[in-house]
Amino acid sequence: MSGKKKPLVVVTRKLPDSTETRMRELFDTRLNVDDAPMTKAQLIDAVQNADVLVPTVTDEITADILSHANGKLRLIAHFGNGVDNLDVAAAVARGITVTNTPKVLTEDTADMTMALILAVPRRLIEGASILTEGGKWTGWSPTWMLGHRLGGKRLGIIGMGRIGQALARRAHAFGMQIHYHNRRPVSPAIEEELGATYWESLDQMLARMDFISVNCPHTPATYHLLSARRLKLIRKDAYIVNTARGEVIDEAALVKLLEDGDIAGAALDVYEHGAVVHPKLIRLAKAYKVVLLPHMGSATIESRVDMGEKVIINIRTFLDGHKPPDRVLPSMV
């Protein structure tokens, strides 16, 4: 690209230093040094002036925002796996290519999901707080802080994609029985490897599991997939974990079940309204009824660097006139 004007790449949030350095070398890059989420006005300015926009999951790139694009914007290279924050159909209709960063978050998200499955029944947060928040601890006791073991328990995985399968491998190693609900069964070889049982009926699976893990994407079809009605099917001694998307669960209904003691507990890394966490969930967390994390599922240095590498590869491939490897089409959403 030497001798040519470098394309303007607008990045909406602060990315790893190595990614930003490489972007500055390759492109005319406008960075977000302060890491403050862009306003709607700033996003409109970006789609009007950028050749390439690099948004993240915190940016709502709607049809309204894209309507301000004037033909200069040619690529949205999303720094993220899920694209539910992007109106992919509106972008493609305007001749804008969309890419994402799949396959680099799988292991880290599965690790965090397994950590939460451990944290809730073994009361890890509650136990740690005894030592850090001034609680009285007189030493070991045979009946104090008792939880539940994982071995032999039934884990129901909602969404048996890459992350669901990675979680299943971890849970299988802990001696858990693997069950799953998916749009279609996985291959017999994978089922055999994981000892996994497919449930065509989500309702029937929910009623029989000790643990439920949400690992499906947020789409119009999965919005409130765990509705108030379905949540009531879960056993009173069961736990629910969500490291996927908050919109999959009817959060208000889940809160009521937790308050009424109609579910044993929950661990959440994502929330229905993004960074706005239901205040009753906060109160329940302070009472150790739930474990709450601030969207940390994929938060490792390695995953963020890998995501940055994918963004750069997608941009360079596109600018070189080739089909980018991680292109997203409306039919895929």
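UniProt, in an unreviewed entry, places the feature "domain: D-isomer specific 2-hydroxyacid dehydrogenase catalytic" at residues 10–328; UniProt positions follow the numbering used here, feature names are shortened, and annotations may be inferred rather than shown by experiment. The model is predicted, so local features need pLDDT of at least 70 and side-chain atom pairs pLDDT 80 or more, while totals for chains, interfaces and linings use all residues. Residues are numbered from 1 along each chain as its sequence is written, and side-chain values use heavy atoms, without hydrogens and water.

**Exercise 1.** Describe the salt bridge between Glu25 and Arg22.

Solution. Step 1: apply the criterion, a side-chain nitrogen of Lys or Arg within 4 Å of a carboxyl oxygen of Asp or Glu. The closest N and O atoms of Glu25 and Arg22 are 3.0 Å apart.
Step 1: locate the pair. Both residues belong to helix α1 (residues 17–26) and, being 3 residues apart, are separated by about one helical turn.
Step 2: check accessibility (buried under 20% relative accessible area, exposed over 50%, partly exposed in between; 1.4 Å probe, protein chains only). Glu25 is partly exposed at 49%, and Arg22 is partly exposed at 32%.

**Exercise 2.** Which parts of the chain does the pair Asp64 and Lys40 tie together?

Solution. Step 1: the closest N and O atoms of this salt bridge are 2.6 Å apart.
Step 1: Asp64 lies in helix α3 (residues 63–66) and Lys40 in helix α2, so the pair joins parts 24 residues apart in sequence.

Conventions
Helix = DSSP H or I, 4+ residues; strand = E, 2+ residues; numbered from the N terminus.
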